[in-house]
Amino acid sequence: MVDPPLTRRVIYRGLKVDLALQPVRLDDGTVADRELVLHRGAVALVPMVDDQHVCLVQNHRYAVDRTLLEVPAGTIDPGESPDQTAERELREETGYQAGRIRRIREWYVSPGVMNERMYLYLCEDLRPGPVRHQLDEQLQVVVVRWDEAVAMAEDGRIEDAKSLLALMICDRLRSRPR
């Protein structure tokens, strides 16, 4: 006889995340709850202003009560694809529109406790336009040389994991022979 599947219970519904209890059957047959954060997913963007400059944002993060230097990023809205989110977030956070946006990679942010999937995009052939930050965002656009952005990721001035990964992956891609 096969045990029936164990049902996840959402215990809180938020604006960006839901919290759930996921029962899991242990090796000894007992059932234990695991706490999960359910997330719609997000995009991370590496906007290349030109071949030698990247657009980053200073972003005040309430969870750590600090302003961090990051790649632009944002949560996927309901009914939106990651590709649509990438275009929207690039415009909203930086004011740029891209002639080319290419999905580079995807990963789980913290699969031990959450299901958030992050989609990384390289944005090129940028055209400037107006910035349209959301009311709850405290962002400042910062354009830096590519080599300086990579150095900041390596020496700890950039502390945000998605930004570290995005810059390292794109730096590796840029260093490959074309």
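Which residues have the most contacts inside the largest nonpolar core?

Modeller: Before the answer, bear in mind that this is a predicted model, in which local features need pLDDT of at least 70, side-chain atom pairs count only at pLDDT 80 or more, and totals for chains, interfaces and linings use all residues. Residues are numbered from 1 along each chain as its sequence is written, and side-chain values use heavy atoms, with hydrogens and water left out.

So, to your core: Val46, Val54, Leu56, Val71, Leu120, Trp146 and Leu167 have the most contacts inside it, and it has 24 residues. By nonpolar core I mean a set of buried Ala, Val, Leu, Ile, Met, Phe, Trp, Tyr and Cys residues joined through side-chain atoms within 4.5 Å. Buried is under 20% relative accessible area, exposed is over 50%, and partly exposed is in between (1.4 Å probe, protein chains only). The elements giving two or more residues to this core are β4 (42-50), β5 (53-61), β8 (97-108), β9 (117-127), α2 (146-155) and α3. The labels are DSSP runs numbered from the N terminus: helices are H or I with at least four residues, strands E with at least two. α2 gives the most, with 5 residues.

Some of those strands pair up, meaning that DSSP finds at least two bridges between them. β4 and β9 pair in the parallel sense over 6 bridges, with valine 43 partnered by tyrosine 119 in β9. β8 and β9 run antiparallel, joined by 10 bridges, and there alanine 98 has leucine 126 of β9 as its bridge partner.

Now follow valine 71 over to α3. Leaving aside neighbours within four places in sequence, valine 71 is in contact (heavy atoms within 4.5 Å) with Ala44, Leu45, Val46, Leu56, Val57, Lys162, Ser163, Ala166 and Leu167. In α3 (residues 161-175), the buried residues are Lys162, Ser163, Ala166, Leu167, Ile169 and Cys170. They sit on the same side of α3, because they cover an arc of only 170 degrees around the axis, taken from the directions from the helix axis to the C-beta atoms. The face turned away from that buried side carries the exposed residues Ala161, Arg172 and Ser175.

Lys162 and Ser163 also touch glutamate 70, which lies in strand β6 (residues 66-70). Glutamate 70 is buried, with a relative accessible area of 1%. Its side chain makes a polar contact of 2.8 Å with that of arginine 61; such a contact is a pair of N or O atoms within 3.5 Å, where, within protein, one must be able to donate a hydrogen and the other to accept it, and residues adjacent in sequence count only if both atoms are side-chain atoms.

Notes: The expected span of a helix is 1.5 Å times one less than its number of residues.
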